[in-house]
Amino acid sequence: QVQLVESGGGLVQAGGSLRLSCAASGRTFSAYAMGWFRQAPGNEREFVAAISRSGRNTGYVDSVKGRFTISRDNAKNTVYLRMNRVKPEDTAVYYCAADPVHSSDYLAETIGAYDYWGQGTQVTVSS
């Protein structure tokens with residue numbers, strides 16, 4: 001299995017930028033497609049972005065397309081979420097998750113596909 005630890009959250013003004021990191025330990029990081037999810041108070045956890053094992057394929061929820069970028073560094077066992085032009089509605093706890101997949105170019109956008117989760121990092125966007 002893999003252990004995931006998120007970092008980089010905090011308070012940011014609307015229009016600003018933030019970069020979240022998720023460090024993985026345990027099994028080979030490159031064996032997992034990775035995803036970022038978020039959960040705001042009173043809301044269900046939702047998909048934000050995902051990246052395939054190879055890094056060649058990425059996917060985003062419509063509300064963050066053009067503003068957020070997911071990337072990974074398999075040598076550093078880390079996945080990142082660059083958040084630009086943030087909005088108050090981006091306020092949430094952000095979670096990274098790992099999906100053990102066979103295909104190097106596959107990624108999933110559903111919570112149920114992911115087997116391993118971090119503890120989350122809080123992002124608060126002030127208006």
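Student: Where is Asn-77 found?

Tutor: First, some housekeeping: this is a predicted model, where local features need pLDDT of at least 70 and side-chain atom pairs count only at pLDDT 80 or more, while totals for chains, interfaces and linings use all residues. Numbering runs from 1 along each chain as its sequence is written, and side-chain values use heavy atoms, with hydrogens and water left out. Strands here are DSSP runs of E with at least two residues, helices are H or I runs of at least four, and both are numbered from the N terminus. On that basis, Asn-77 sits in the loop between β7 (68–73) and β8 (78–83).

Student: And what is its phi, given that Asn-77 is not a glycine?

Tutor: Asn-77 is partly exposed, at a relative accessible area of 31%. (Buried means under 20%, exposed over 50%, partly exposed in between, using a 1.4 Å probe and protein chains only.) The phi of Asn-77 is positive, at about 55°.

Student: Which loop holds Arg-85?

Tutor: Arg-85 also has a positive phi, near 50°, without being a glycine. It's partly exposed, with 48% relative accessible area. Look for Arg-85 in the loop between β8 and β9 (92–100).

Student: Zooming out, what is the radius of gyration of the protein?

Tutor: The protein has 0 helices and 11 strands. It's as compact as a globular protein of its length, because the globule rule gives 14 Å for 127 residues and the computed value is close to that. The radius is taken over C-alpha atoms, and the rule is 2.2 Å times the number of residues to the power 0.38. The radius of gyration comes out at 13 Å.

Student: What share of the contacts with a separation of 6 or more is between residues 24 or more positions apart?

Tutor: Contact means heavy atoms within 4.5 Å. For scale, the C-alpha trace spans about 40 × 25 × 25 Å along its principal axes, and buried residues make up 42% of the 127. Among contacts with a separation of 6 or more, the share from residues 24 or more positions apart is 61%.

Student: Which side chain of opposite charge is nearest to Glu-6?

Tutor: Glu-6 lies in strand β1 (residues 2–7). It's buried and has no salt bridge, a salt bridge being a side-chain nitrogen of Lys or Arg within 4 Å of a carboxyl oxygen of Asp or Glu. Lys and Arg count as positive, Asp and Glu as negative, with His and the chain ends not counted. The nearest opposite charge is 7.4 Å away, on Arg-45.

Student: Then which backbone nitrogen lies 2.8 Å from a polar atom of the Glu-6 side chain?

Tutor: A polar contact is a pair of N or O atoms within 3.5 Å; within protein, one must be able to donate a hydrogen and the other to accept it, and residues adjacent in sequence count only if both atoms are side-chain atoms. The Glu-6 side chain reaches the backbone nitrogen of Gln-119 at 3.1 Å. The nitrogen at 2.8 Å belongs to Gly-120.

Student: Which backbone nitrogen does the side chain of Thr-121 reach?

Tutor: Thr-121 is in strand β11 (residues 121–126) and is buried, at 10% relative accessible area. Beyond its neighbours within four places in sequence, it contacts several residues, including Glu-6, Ser-7 and Leu-20. At 3.2 Å, the Thr-121 side chain reaches the backbone nitrogen of Gly-9.

Student: How far apart are the C-alpha atoms of Phe-68 and Leu-20?

Tutor: Phe-68 lies in strand β7 and is buried, with 3% relative accessible area. Leaving aside neighbours within four places in sequence, its contacts include Val-48, Leu-81 and Tyr-94. Phe-68 and Leu-20 are 48 residues apart along the chain, and their C-alpha atoms are separated by 11 Å.

Student: How many residues apart in sequence are the parts tied together by Arg-56 and Asp-105?

Tutor: Their side chains meet in a salt bridge at 2.9 Å, N to O. Arg-56 lies in the loop between β5 (46–51) and β6 (58–60) and Asp-105 in the loop between β9 and β10 (116–117), so the pair ties together parts separated in sequence by 49 residues.
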